[in-house]
Amino acid sequence: MSSELSNSLVTRRSTRTVRIGHVNVGGDSPVVIQSMTNTDTVDVVKTAIQCAELARAGSELVRITVNTPEAAAAVPGIYEHLQRMNVDVPLIGDFHYNGHRLLSDFPECAQMLAKYRINPGNVGHGKKRDDQFAQMIEVACKYDKPVRIGVNWGSLDQDLLARIMDENARRPQPLDAIEVMREAMVTSALESAAKAEELGLPGGKIILSCKVSGVQDLIAIYRELSRRSDYPLHLGLTEAGMGSKGIVASTAAMAVLLQEGIGDTIRVSLTPEPGGKRTQEVIVAQEMLQTMGLRAFTPMVAACPGCGRTTSSFFQELAQSIQDHVRERMPQWRAEYDGVENMTLAVMGCVVNGPGESKHANIGISLPGTGEVPAAPVFEDGVKTSTLRGENIAAEFTAIVDRYVARTYKRKIATRS
(Lines give C-alpha, C1' and ligand atoms only; values in the text may rest on other atoms or scores of the structure.)
Protein backbone atom coordinates (compact mmCIF):
# COMPACT_ATOMS: atom_id res chain seq x y z
CA MET A 1 0.00 0.00 0.00
CA SER A 2 1.22 3.47 -0.82
CA SER A 3 3.01 5.33 1.93
CA GLU A 4 0.99 8.36 0.86
CA LEU A 5 -2.21 6.71 2.12
CA SER A 6 -3.25 8.67 5.20
CA ASN A 7 -5.86 7.95 7.83
CA SER A 8 -8.13 10.67 6.55
CA LEU A 9 -9.84 11.27 3.23
CA VAL A 10 -8.07 13.67 0.93
CA THR A 11 -9.42 16.01 -1.70
CA ARG A 12 -9.89 14.34 -5.07
CA ARG A 13 -7.21 15.33 -7.53
CA SER A 14 -9.32 16.04 -10.60
CA THR A 15 -10.09 19.74 -10.75
CA ARG A 16 -12.07 19.52 -13.99
CA THR A 17 -15.85 19.16 -13.90
CA VAL A 18 -17.72 17.36 -16.66
CA ARG A 19 -21.45 18.01 -17.00
CA ILE A 20 -23.50 14.92 -17.98
CA GLY A 21 -27.11 15.92 -18.36
CA HIS A 22 -27.89 17.49 -14.97
CA VAL A 23 -25.09 15.60 -13.17
CA ASN A 24 -21.63 17.00 -12.48
CA VAL A 25 -18.64 14.64 -12.38
CA GLY A 26 -15.28 15.77 -11.01
CA GLY A 27 -14.10 18.91 -9.32
CA ASP A 28 -15.88 19.53 -6.02
CA SER A 29 -18.82 17.29 -6.94
CA PRO A 30 -19.50 14.18 -4.86
CA VAL A 31 -18.49 10.79 -6.23
CA VAL A 32 -21.23 9.82 -8.69
CA ILE A 33 -22.75 6.32 -8.87
CA GLN A 34 -23.54 4.76 -12.19
CA SER A 35 -24.74 1.39 -13.46
CA MET A 36 -25.57 -0.38 -16.70
CA THR A 37 -28.62 -2.21 -17.98
CA ASN A 38 -28.48 -5.87 -19.05
CA THR A 39 -31.64 -5.79 -21.15
CA ASP A 40 -31.80 -5.99 -24.93
CA THR A 41 -31.80 -2.29 -25.81
CA VAL A 42 -34.14 -2.99 -28.72
CA ASP A 43 -36.82 -3.84 -26.14
CA VAL A 44 -37.75 -0.25 -25.41
CA VAL A 45 -40.21 -0.87 -22.58
CA LYS A 46 -38.10 -3.44 -20.74
CA THR A 47 -34.97 -1.29 -21.01
CA ALA A 48 -36.79 1.85 -19.86
CA ILE A 49 -38.22 -0.03 -16.88
CA GLN A 50 -34.78 -1.26 -15.84
CA CYS A 51 -33.29 2.22 -16.30
CA ALA A 52 -36.02 3.54 -14.00
CA GLU A 53 -35.37 0.80 -11.43
CA LEU A 54 -31.67 1.60 -11.38
CA ALA A 55 -32.28 5.34 -11.15
CA ARG A 56 -34.79 4.93 -8.32
CA ALA A 57 -32.32 2.70 -6.48
CA GLY A 58 -29.81 5.56 -6.64
CA SER A 59 -27.92 5.24 -9.92
CA GLU A 60 -27.24 8.81 -11.02
CA LEU A 61 -26.11 7.79 -14.52
CA VAL A 62 -27.31 4.74 -16.46
CA ARG A 63 -25.44 3.19 -19.38
CA ILE A 64 -27.14 1.21 -22.14
CA THR A 65 -25.68 -0.94 -24.90
CA VAL A 66 -25.92 0.62 -28.37
CA ASN A 67 -24.57 -2.10 -30.64
CA THR A 68 -26.91 -2.33 -33.65
CA PRO A 69 -28.98 0.00 -35.83
CA GLU A 70 -32.08 -1.33 -34.08
CA ALA A 71 -30.61 -0.47 -30.67
CA ALA A 72 -29.68 3.04 -31.84
CA ALA A 73 -33.19 3.52 -33.21
CA ALA A 74 -34.63 2.45 -29.84
CA VAL A 75 -32.81 5.13 -27.80
CA PRO A 76 -35.33 7.97 -28.38
CA GLY A 77 -38.17 5.66 -27.34
CA ILE A 78 -36.35 4.70 -24.14
CA TYR A 79 -35.74 8.35 -23.36
CA GLU A 80 -39.40 9.21 -23.95
CA HIS A 81 -40.62 6.33 -21.77
CA LEU A 82 -38.39 7.52 -18.94
CA GLN A 83 -39.78 11.03 -19.27
CA ARG A 84 -43.32 9.66 -19.02
CA MET A 85 -42.29 7.79 -15.86
CA ASN A 86 -40.92 11.06 -14.46
CA VAL A 87 -37.41 9.60 -14.37
CA ASP A 88 -34.77 12.14 -15.35
CA VAL A 89 -31.60 10.06 -15.42
CA PRO A 90 -28.85 10.79 -17.98
CA LEU A 91 -28.41 7.93 -20.46
CA ILE A 92 -24.94 6.90 -21.60
CA GLY A 93 -24.44 5.05 -24.87
CA ASP A 94 -21.93 2.19 -24.79
CA PHE A 95 -20.30 1.89 -28.22
CA HIS A 96 -17.92 -0.70 -29.65
CA TYR A 97 -16.78 -1.44 -33.22
CA ASN A 98 -19.56 0.42 -35.08
CA GLY A 99 -20.22 3.48 -32.92
CA HIS A 100 -19.02 5.83 -35.64
CA ARG A 101 -21.72 4.58 -37.99
CA LEU A 102 -24.50 4.43 -35.43
CA LEU A 103 -23.92 7.95 -34.15
CA SER A 104 -23.76 9.31 -37.69
CA ASP A 105 -26.73 7.34 -39.04
CA PHE A 106 -29.03 7.93 -36.07
CA PRO A 107 -28.77 11.62 -35.13
CA GLU A 108 -31.76 11.42 -32.76
CA CYS A 109 -29.92 8.74 -30.78
CA ALA A 110 -26.82 10.92 -30.69
CA GLN A 111 -28.87 13.84 -29.39
CA MET A 112 -30.84 11.90 -26.74
CA LEU A 113 -27.78 10.33 -25.12
CA ALA A 114 -26.12 12.40 -22.41
CA LYS A 115 -22.67 10.89 -22.94
CA TYR A 116 -20.84 8.47 -25.24
CA ARG A 117 -18.54 5.71 -24.01
CA ILE A 118 -15.76 4.99 -26.53
CA ASN A 119 -13.35 2.06 -26.18
CA PRO A 120 -10.19 3.02 -28.11
CA GLY A 121 -9.31 -0.65 -28.51
CA ASN A 122 -12.56 -1.34 -30.37
CA VAL A 123 -12.88 1.53 -32.84
CA GLY A 124 -10.94 -0.13 -35.66
CA HIS A 125 -7.39 -0.85 -36.77
CA GLY A 126 -4.74 1.19 -38.55
CA LYS A 127 -6.03 4.18 -40.49
CA LYS A 128 -9.61 3.04 -39.94
CA ARG A 129 -9.11 3.39 -36.21
CA ASP A 130 -8.10 7.03 -36.49
CA ASP A 131 -10.88 7.87 -38.95
CA GLN A 132 -13.60 6.11 -36.97
CA PHE A 133 -12.45 7.57 -33.67
CA ALA A 134 -12.49 11.00 -35.31
CA GLN A 135 -16.04 10.47 -36.58
CA MET A 136 -17.28 9.74 -33.04
CA ILE A 137 -15.50 12.76 -31.61
CA GLU A 138 -16.93 14.96 -34.37
CA VAL A 139 -20.46 13.85 -33.43
CA ALA A 140 -19.72 14.57 -29.77
CA CYS A 141 -18.55 18.06 -30.72
CA LYS A 142 -21.56 18.63 -32.96
CA TYR A 143 -24.05 17.83 -30.20
CA ASP A 144 -21.93 19.15 -27.33
CA LYS A 145 -21.73 15.75 -25.61
CA PRO A 146 -19.10 14.54 -23.14
CA VAL A 147 -17.19 11.33 -23.83
CA ARG A 148 -15.74 8.64 -21.61
CA ILE A 149 -12.65 7.15 -23.14
CA GLY A 150 -12.83 3.72 -21.56
CA VAL A 151 -9.83 1.44 -21.97
CA ASN A 152 -10.36 -2.22 -21.06
CA TRP A 153 -7.58 -4.75 -20.69
CA GLY A 154 -9.68 -7.37 -22.49
CA SER A 155 -9.77 -5.24 -25.62
CA LEU A 156 -6.52 -3.31 -25.45
CA ASP A 157 -5.28 -1.79 -28.71
CA GLN A 158 -2.83 -4.42 -29.94
CA ASP A 159 -0.87 -2.02 -32.15
CA LEU A 160 -0.29 0.26 -29.17
CA LEU A 161 0.63 -2.70 -26.96
CA ALA A 162 3.19 -3.86 -29.54
CA ARG A 163 4.67 -0.35 -29.64
CA ILE A 164 4.97 -0.21 -25.85
CA MET A 165 6.59 -3.65 -25.84
CA ASP A 166 9.14 -2.53 -28.44
CA GLU A 167 9.92 0.60 -26.42
CA ASN A 168 10.27 -1.50 -23.30
CA ALA A 169 12.71 -3.86 -24.99
CA ARG A 170 15.04 -0.92 -25.62
CA ARG A 171 15.05 0.13 -21.96
CA PRO A 172 18.27 -0.44 -19.97
CA GLN A 173 16.07 -2.12 -17.35
CA PRO A 174 12.92 -3.43 -19.05
CA LEU A 175 9.63 -3.56 -17.17
CA ASP A 176 8.02 -6.91 -16.51
CA ALA A 177 4.96 -8.05 -18.50
CA ILE A 178 2.41 -6.79 -15.96
CA GLU A 179 4.03 -3.34 -15.83
CA VAL A 180 4.03 -3.19 -19.64
CA MET A 181 0.31 -3.97 -19.74
CA ARG A 182 -0.40 -1.30 -17.13
CA GLU A 183 1.65 1.28 -19.01
CA ALA A 184 -0.11 0.40 -22.28
CA MET A 185 -3.51 1.01 -20.71
CA VAL A 186 -2.55 4.37 -19.25
CA THR A 187 -0.90 5.40 -22.54
CA SER A 188 -3.97 4.36 -24.53
CA ALA A 189 -6.25 6.52 -22.38
CA LEU A 190 -3.98 9.56 -22.38
CA GLU A 191 -3.13 9.45 -26.09
CA SER A 192 -6.81 8.99 -27.00
CA ALA A 193 -7.78 11.96 -24.82
CA ALA A 194 -5.08 14.09 -26.42
CA LYS A 195 -6.31 13.06 -29.87
CA ALA A 196 -9.89 13.96 -28.92
CA GLU A 197 -8.78 17.41 -27.84
CA GLU A 198 -6.84 17.85 -31.11
CA LEU A 199 -10.07 17.04 -32.94
CA GLY A 200 -11.87 19.84 -31.08
CA LEU A 201 -13.45 18.15 -28.06
CA PRO A 202 -12.81 20.37 -25.02
CA GLY A 203 -10.87 18.81 -22.16
CA GLY A 204 -13.85 19.59 -19.94
CA LYS A 205 -15.87 17.06 -21.92
CA ILE A 206 -13.59 14.08 -21.30
CA ILE A 207 -13.67 11.38 -18.61
CA LEU A 208 -11.14 8.54 -18.53
CA SER A 209 -11.26 4.96 -17.32
CA CYS A 210 -8.89 1.99 -17.43
CA LYS A 211 -10.70 -1.13 -16.31
CA VAL A 212 -9.08 -4.42 -15.32
CA SER A 213 -10.15 -7.44 -13.27
CA GLY A 214 -7.25 -7.50 -10.80
CA VAL A 215 -7.37 -5.45 -7.62
CA GLN A 216 -3.66 -4.57 -7.52
CA ASP A 217 -3.64 -3.82 -11.25
CA LEU A 218 -6.54 -1.39 -10.87
CA ILE A 219 -4.90 0.41 -7.96
CA ALA A 220 -1.55 0.74 -9.75
CA ILE A 221 -3.07 1.89 -13.05
CA TYR A 222 -5.31 4.54 -11.52
CA ARG A 223 -2.55 5.92 -9.33
CA GLU A 224 -0.49 6.44 -12.47
CA LEU A 225 -3.42 7.76 -14.49
CA SER A 226 -4.21 10.25 -11.72
CA ARG A 227 -0.57 11.32 -11.50
CA ARG A 228 -0.32 11.99 -15.23
CA SER A 229 -3.68 13.62 -15.97
CA ASP A 230 -6.34 15.90 -14.57
CA TYR A 231 -9.40 14.40 -16.27
CA PRO A 232 -12.20 13.08 -14.06
CA LEU A 233 -11.79 9.33 -13.58
CA HIS A 234 -14.40 6.59 -13.67
CA LEU A 235 -13.52 3.69 -11.37
CA GLY A 236 -14.63 0.11 -11.73
CA LEU A 237 -13.28 -3.39 -11.51
CA THR A 238 -14.45 -5.00 -14.73
CA GLU A 239 -15.81 -8.55 -14.57
CA ALA A 240 -15.73 -8.32 -10.77
CA GLY A 241 -17.71 -11.55 -10.41
CA MET A 242 -20.76 -12.75 -8.52
CA GLY A 243 -21.93 -12.35 -4.96
CA SER A 244 -19.46 -11.80 -2.14
CA LYS A 245 -16.45 -12.22 -4.43
CA GLY A 246 -17.52 -9.37 -6.69
CA ILE A 247 -18.48 -7.16 -3.77
CA VAL A 248 -15.24 -7.75 -1.87
CA ALA A 249 -12.98 -7.33 -4.90
CA SER A 250 -14.69 -4.14 -6.06
CA THR A 251 -14.63 -2.63 -2.59
CA ALA A 252 -11.03 -3.63 -1.93
CA ALA A 253 -9.85 -1.92 -5.11
CA MET A 254 -12.00 1.19 -5.18
CA ALA A 255 -11.85 1.95 -1.46
CA VAL A 256 -8.06 2.26 -1.60
CA LEU A 257 -8.24 4.66 -4.53
CA LEU A 258 -11.10 6.71 -3.12
CA GLN A 259 -9.25 7.00 0.18
CA GLU A 260 -6.31 8.45 -1.74
CA GLY A 261 -8.56 10.94 -3.47
CA ILE A 262 -8.65 9.14 -6.82
CA GLY A 263 -11.97 8.65 -8.58
CA ASP A 264 -14.95 10.83 -9.48
CA THR A 265 -17.56 8.29 -10.54
CA ILE A 266 -17.86 4.57 -9.83
CA ARG A 267 -19.62 1.42 -10.95
CA VAL A 268 -19.69 -1.90 -9.10
CA SER A 269 -19.82 -4.39 -12.00
CA LEU A 270 -21.48 -7.37 -10.32
CA THR A 271 -22.64 -10.44 -12.20
CA PRO A 272 -26.24 -10.87 -11.02
CA GLU A 273 -27.17 -14.20 -9.53
CA PRO A 274 -29.87 -16.06 -11.50
CA GLY A 275 -33.04 -14.10 -10.92
CA GLY A 276 -31.12 -11.50 -8.92
CA LYS A 277 -31.80 -7.79 -9.10
CA ARG A 278 -29.60 -5.53 -11.19
CA THR A 279 -30.05 -2.85 -8.54
CA GLN A 280 -27.76 -4.75 -6.15
CA GLU A 281 -24.73 -3.12 -7.75
CA VAL A 282 -26.18 0.31 -6.98
CA ILE A 283 -26.80 -0.57 -3.32
CA VAL A 284 -23.24 -1.90 -2.95
CA ALA A 285 -21.84 1.30 -4.45
CA GLN A 286 -23.93 3.42 -2.10
CA GLU A 287 -22.87 1.39 0.94
CA MET A 288 -19.22 1.63 -0.07
CA LEU A 289 -19.34 5.42 -0.29
CA GLN A 290 -21.44 5.79 2.84
CA THR A 291 -19.34 3.52 5.05
CA MET A 292 -16.27 5.49 3.92
CA GLY A 293 -17.95 8.73 4.93
CA LEU A 294 -17.92 10.14 1.40
CA ARG A 295 -21.68 10.39 0.91
CA ALA A 296 -24.91 9.55 2.72
CA PHE A 297 -27.81 7.81 0.99
CA THR A 298 -29.91 5.99 3.56
CA PRO A 299 -29.89 5.42 7.32
CA MET A 300 -27.34 2.80 8.29
CA VAL A 301 -28.16 -0.05 10.65
CA ALA A 302 -25.41 -1.36 12.93
CA ALA A 303 -26.00 -4.88 14.23
CA CYS A 304 -23.86 -7.25 16.24
CA PRO A 305 -22.67 -10.47 14.57
CA GLY A 306 -24.10 -12.72 17.27
CA CYS A 307 -22.35 -15.19 19.56
CA GLY A 308 -23.17 -17.81 22.19
CA ARG A 309 -25.07 -15.15 24.13
CA THR A 310 -27.49 -14.64 21.23
CA THR A 311 -28.80 -18.07 20.36
CA SER A 312 -32.12 -16.58 19.27
CA SER A 313 -32.30 -15.35 15.69
CA PHE A 314 -34.74 -12.59 16.61
CA PHE A 315 -32.17 -9.78 16.65
CA GLN A 316 -30.99 -10.81 13.16
CA GLU A 317 -34.56 -10.81 11.87
CA LEU A 318 -35.22 -7.42 13.46
CA ALA A 319 -32.02 -5.94 11.99
CA GLN A 320 -33.01 -7.14 8.51
CA SER A 321 -36.57 -5.90 9.00
CA ILE A 322 -35.40 -2.44 10.04
CA GLN A 323 -32.88 -2.22 7.17
CA ASP A 324 -35.63 -3.18 4.70
CA HIS A 325 -38.02 -0.70 6.30
CA VAL A 326 -35.71 2.30 6.03
CA ARG A 327 -34.84 1.46 2.42
CA GLU A 328 -38.53 1.17 1.59
CA ARG A 329 -39.38 4.44 3.31
CA MET A 330 -36.33 6.34 2.11
CA PRO A 331 -37.80 7.68 -1.17
CA GLN A 332 -40.65 9.31 0.77
CA TRP A 333 -38.41 10.42 3.64
CA ARG A 334 -35.89 11.94 1.24
CA ALA A 335 -38.66 13.95 -0.39
CA GLU A 336 -40.10 15.14 2.94
CA TYR A 337 -37.19 15.53 5.38
CA ASP A 338 -33.78 17.18 5.28
CA GLY A 339 -30.83 15.10 6.47
CA VAL A 340 -32.68 11.85 7.24
CA GLU A 341 -30.10 9.88 5.22
CA ASN A 342 -27.58 10.61 7.98
CA MET A 343 -29.62 8.83 10.66
CA THR A 344 -27.96 5.84 12.34
CA LEU A 345 -29.66 2.86 13.95
CA ALA A 346 -28.44 -0.03 16.07
CA VAL A 347 -30.04 -3.43 16.64
CA MET A 348 -28.03 -5.33 19.24
CA GLY A 349 -28.38 -8.83 20.59
CA CYS A 350 -27.29 -8.83 24.24
CA VAL A 351 -26.23 -6.72 27.20
CA VAL A 352 -22.47 -6.83 26.53
CA ASN A 353 -22.32 -4.09 23.87
CA GLY A 354 -26.02 -3.57 23.30
CA PRO A 355 -26.76 -0.56 25.52
CA GLY A 356 -23.47 1.20 24.70
CA GLU A 357 -23.79 0.73 20.93
CA SER A 358 -27.45 1.76 21.06
CA LYS A 359 -26.52 4.98 22.86
CA HIS A 360 -24.03 5.86 20.10
CA ALA A 361 -26.74 5.58 17.41
CA ASN A 362 -29.60 8.02 16.86
CA ILE A 363 -31.97 5.17 17.68
CA GLY A 364 -30.92 1.84 19.15
CA ILE A 365 -32.45 -1.22 20.73
CA SER A 366 -30.69 -3.77 22.91
CA LEU A 367 -32.47 -7.11 22.72
CA PRO A 368 -32.15 -9.66 25.52
CA GLY A 369 -29.53 -12.35 25.07
CA THR A 370 -29.72 -15.91 26.31
CA GLY A 371 -30.65 -15.96 29.98
CA GLU A 372 -31.19 -12.19 30.20
CA VAL A 373 -34.34 -10.49 31.45
CA PRO A 374 -36.83 -10.49 28.53
CA ALA A 375 -36.81 -6.73 28.07
CA ALA A 376 -35.43 -4.53 25.27
CA PRO A 377 -34.42 -0.97 26.21
CA VAL A 378 -34.67 1.62 23.43
CA PHE A 379 -32.31 4.60 23.27
CA GLU A 380 -32.87 7.79 21.30
CA ASP A 381 -29.94 10.18 20.94
CA GLY A 382 -28.18 8.50 23.84
CA VAL A 383 -31.11 8.57 26.24
CA LYS A 384 -33.20 5.56 27.25
CA THR A 385 -36.78 6.40 26.27
CA SER A 386 -38.66 3.12 26.61
CA THR A 387 -38.43 -0.61 27.22
CA LEU A 388 -40.18 -3.03 24.87
CA ARG A 389 -41.46 -6.48 25.83
CA GLY A 390 -43.60 -9.21 24.39
CA GLU A 391 -44.48 -10.35 20.89
CA ASN A 392 -44.77 -6.94 19.17
CA ILE A 393 -41.24 -5.62 19.66
CA ALA A 394 -40.55 -5.43 15.92
CA ALA A 395 -43.69 -3.45 15.10
CA GLU A 396 -43.28 -1.19 18.12
CA PHE A 397 -39.64 -0.43 17.35
CA THR A 398 -40.45 0.31 13.70
CA ALA A 399 -43.13 2.77 14.85
CA ILE A 400 -40.58 4.43 17.15
CA VAL A 401 -38.23 4.87 14.17
CA ASP A 402 -41.00 6.48 12.11
CA ARG A 403 -41.93 8.85 14.93
CA TYR A 404 -38.29 9.77 15.48
CA VAL A 405 -37.88 10.74 11.81
CA ALA A 406 -41.04 12.86 11.83
CA ARG A 407 -40.03 14.56 15.07
CA THR A 408 -36.32 15.09 14.46
CA TYR A 409 -35.79 16.03 10.82
CA LYS A 410 -36.94 19.31 9.37
CA ARG A 411 -39.69 19.03 6.80
CA LYS A 412 -38.86 20.33 3.36
CA ILE A 413 -40.92 23.18 2.00
CA ALA A 414 -43.03 21.99 -0.91
CA THR A 415 -42.43 23.95 -4.10
CA ARG A 416 -44.90 24.50 -6.91
CA SER A 417 -43.80 24.12 -10.50
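Predicted model: local features only at pLDDT ≥ 70, side-chain atom pairs only at ≥ 80, totals over all residues.
# Asking how we know: a guided visit

Visitor: Why is Asp402 called partly exposed?

Guide: Its relative accessible area is 23%. Buried means under 20% and exposed means over 50%, so Asp402, at 23%, falls in between and is called partly exposed.

Visitor: Which residues is Asp402 in contact with, leaving aside its neighbours within four places in sequence?

Guide: Asp402 is in contact with His325, Arg329 and Trp333. Val326 is 76 residues apart from Asp402 in sequence, yet the two C-alpha atoms are 9.1 Å apart in space.

Visitor: What makes the link between the side chains of Asp402 and Arg329 a polar contact?

Guide: The distance is 3.4 Å. The cut-off for such a pair of N or O atoms is within 3.5 Å, so the side chains of Asp402 and Arg329 are joined by a polar contact.

Visitor: Let us turn to the loops. Where is Asn86, and is Asn86 buried or exposed?

Guide: Asn86 lies in the loop between helix 2 and strand 5. Its relative accessibility is 72%, and exposed means over 50%, so Asn86 counts as exposed. Asn86 also has a positive phi of about 60 degrees, although it is not a glycine.

Visitor: What does Gln132 touch, and why is Gln132 called buried?

Guide: Not counting residues up to four places away in sequence, Gln132 touches Tyr97, His100, Val123 and Gly124. Gln132 is found in helix 5 (residues 126-142). At 13% relative accessibility, Gln132 is under the 20% limit, and therefore counts as buried.

Visitor: Now the sheet. How many strands form it, and in what order?

Guide: Eight strands form an open sheet in the order 8-7-6-5-4-3-11-9, and the pairing is parallel.

Visitor: Why is one side of strand 8 and of strand 9 left without a neighbour in the sheet?

Guide: Strand 8 (206-211) and strand 9 stand at the edges, each with a single partner strand, so one side of each has no neighbour in the sheet.

Visitor: How do you know that strand 3 and strand 4 pair?

Guide: Three bridges join strand 3 (residues 32-36) to strand 4, and the two run parallel. Pairing needs at least two bridges, so three bridges are enough. Within this pair, Gln34 stands opposite Leu61 of strand 4. From strand 3, the chain passes through helix 1 (residues 44-57) to strand 4, in a β-α-β crossover that is right-handed.

Visitor: What joins strand 4 to strand 5?

Guide: Four bridges join strand 4 to strand 5 (residues 91-95), again in parallel. Arg63 has Ile92 in strand 5 as its bridge partner. Strand 4, helix 2 (residues 69-84) and strand 5 make a right-handed β-α-β unit. As for cover, four of the five residues of strand 4 (residues 61-65) are buried.

Visitor: And what about strand 6 and strand 7?

Guide: Strand 6 (residues 115-118) and strand 7 (residues 147-152) pair in the parallel sense over three bridges. In strand 7, Arg148 is the bridge partner of Arg117.

Visitor: Which residues have the most contacts inside the largest nonpolar core?

Guide: They are Tyr116, Leu208, Tyr222, Leu225, Leu258 and Ile266, in a core of 79 residues. Helix 7 (residues 177-198) gives the most to this core, with nine residues. A second, separate core has 30 residues, including Val326, Ala346, Ile393 and Tyr409.

Visitor: One last stop: how do you know that the span of helix 9 agrees with its number of residues?

Guide: Helix 9 (residues 243-259) has 17 residues, which at 1.5 Å a residue should span 24 Å. Its end C-alpha atoms are 24 Å apart, so the two values agree. The buried residues of helix 9 include Leu257 and Leu258. Among the elements that its buried residues pack against are helix 8 (215-228) and helix 10 (280-291). Just after helix 9, Gly261 takes a positive phi of about 90 degrees.

Terms used:
Residues numbered from 1 in each chain as written. Heavy atoms only, no water. Expected span 1.5 Å × (residues − 1). Buried < 20%, exposed > 50% of the residue type's maximum accessible area, 1.4 Å probe, protein only. Contact = heavy atoms within 4.5 Å. Right-handed = clockwise from strand over helix to strand, strands pointing away. Core = buried A, V, L, I, M, F, W, Y, C linked by side-chain atoms within 4.5 Å. Polar contact = N/O pair within 3.5 Å; in protein donor to acceptor, adjacent residues only side chain to side chain.
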